[in-house]
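Dear colleague,

I am passing this structure on to you, and my notes on it follow below. Please read them with the model open beside you.

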Amino acid sequence: MRGSLSKVLAIFWKDILLEIRTKESVTAILVFALLVLVIFNFAFEPETATMNLVAPGILWVAFTFAGVLGLNRVFAIERENSRLAGLLLCPIDPMLIYWGKLLGSFTFMFAIEIIVTPIFLVLLNLPLFLPRLLLIIVLATLGFTSVGTLFSALANNIRARDIMLPILFLPIVVPVIIAAVEATALVLQSSPWGDMMTWLQIMIAFDIIYLVVATLVFQYVVEG
Amino acid sequence: MTAWAIEVEALSKSFGRNRALSNIDLKIGRGEHVIVFGPNGAGKTTLVKVLSTLSKPSSGTVRVDGEDIRSDPVKVRRRISLVSHDTFLYDNLTVYENLRFYGKMHDVPDLEENVREVIARVRLEPRLHDRVGILSHGMQQRVSIARAIIHNPSILFLDEPEAGLDPQAVVMLRDVLESVNTPERTIVMTTHNLRQGVEMGDRVVILDRGKIVYQASRDDIDTVNFYEIYQSYTGTGE
């Protein structure tokens, strides 16, 4: 167990180090997410009632498309120089590669969300301290990246991978995005906890199901 | 413990309708150095990929150190390593970080000491803290050899390691390969370089269109006329 954890962390740390050195993913995702927010901010008046309706959608559109950009990179670094073969030659269960990669993609996406969310709240004149929104972001991001990491590995073997990843992945992840949008709307309206429980339960169930499924099928996705 | 390092029986590998390997039988002894020749598309890389667990056979059996590669690939991977024309290295990590990463993935004990030992064997100590991306292709290939031997594998697969290197780098690489060559280590190498291959191998195998068409031990090879032999079996030159 400890040995497995150290390998997951080694893969995670290697990805973090590469990102710190190249800044390839984080910069692009951050700029994209901020652009989406700024454009929508110009499209809608912050004071109007319409804003309350569309704000959760704007936030999750920014996170979703920025997230897809990041997921495209998760296995791209392993494609060059056949590095994935190098990882597969290591005497480890391939599911550890999945967990290491998942940890990396979750961290990158969550880091972007932590930067973008306060800007979103300020732009829309909303209160800054919303701990329930943080919980929604964690649950939705876990679901998003658990499926996304698997599909990133799958798309790695396809020629038009940049286009194919969103086409394959977004229909699967729609339930978690809908749940996140609905739960975010309730948080922004200051609704009680009880109202958002159904959406939280959907996200938790999605996370558990896809973490288990992705862990089990990852080996068949990456091995020939 | 079985006498054979590698036992291949009736191995076939197909990609759709395309048969890359056809009914291969091959037994390689412990410590033996086998050189596999063949024209492009003969199935050399596919054979190495199957033997090194990177690709699953369509039919037939492959045992490495007595272990079936399909039933327990993780156990097999502890004992093998692969140096290919791709180095598997991360350009934006240093030589040290790359070796440390792969060492951790292989549970190498005394990792610091081992990193320093393998880097000395490939004669790249001064470049230990340089990023791999700034090294020449020849140097990267030497780092790749260090990566491959860090867990002291008993079987080393070399898939055209000299591909894309200039003649000087090939000479250097050959010296490095000699230095990692121990009597107990089994080596299976594919190459287009007939002269070098014949010199290095205990046995040579010629593969053509997925089949073994010729094999002989070094003592039985007519080294002077080997080019003609190769040509007669494959219909091509080097």
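Strands here are DSSP runs of E of at least two residues, and helices are runs of H or I of at least four, numbered from the N terminus. This is a predicted model, in which local features need pLDDT of at least 70 and side-chain atom pairs count only at pLDDT 80 or more, while totals for chains, interfaces and linings use all residues. Residues are numbered from 1 along each chain as its sequence is written, and chains are lettered from A and ligands numbered from 1 in the order in which they are written.

E6(B) runs parallel to strand E7 (residues 155-159) of chain B, and four bridges join the two (strands pair if DSSP finds at least two bridges between them). Within E7(B), Ile155(B) is the bridge partner of Ile80(B).

Leaving aside residues up to four places away in sequence, Phe157(B) touches Ile80(B) and Leu82(B), as well as Val48(B), Leu51(B), Ser52(B) and Val188(B) (contact means C-beta atoms, placed from the backbone, within 7 Å).

Between the chains, the contact takes 21 residues from chain A and 22 residues from chain B. On the side of chain B that touches chain A, helix H2 (73-79) and helix H3 (95-105) of chain B are the elements that give two or more residues, and H3(B) provides the largest share, four residues.

With regards

Notes: Contact = placed C-beta atoms within 7 Å.
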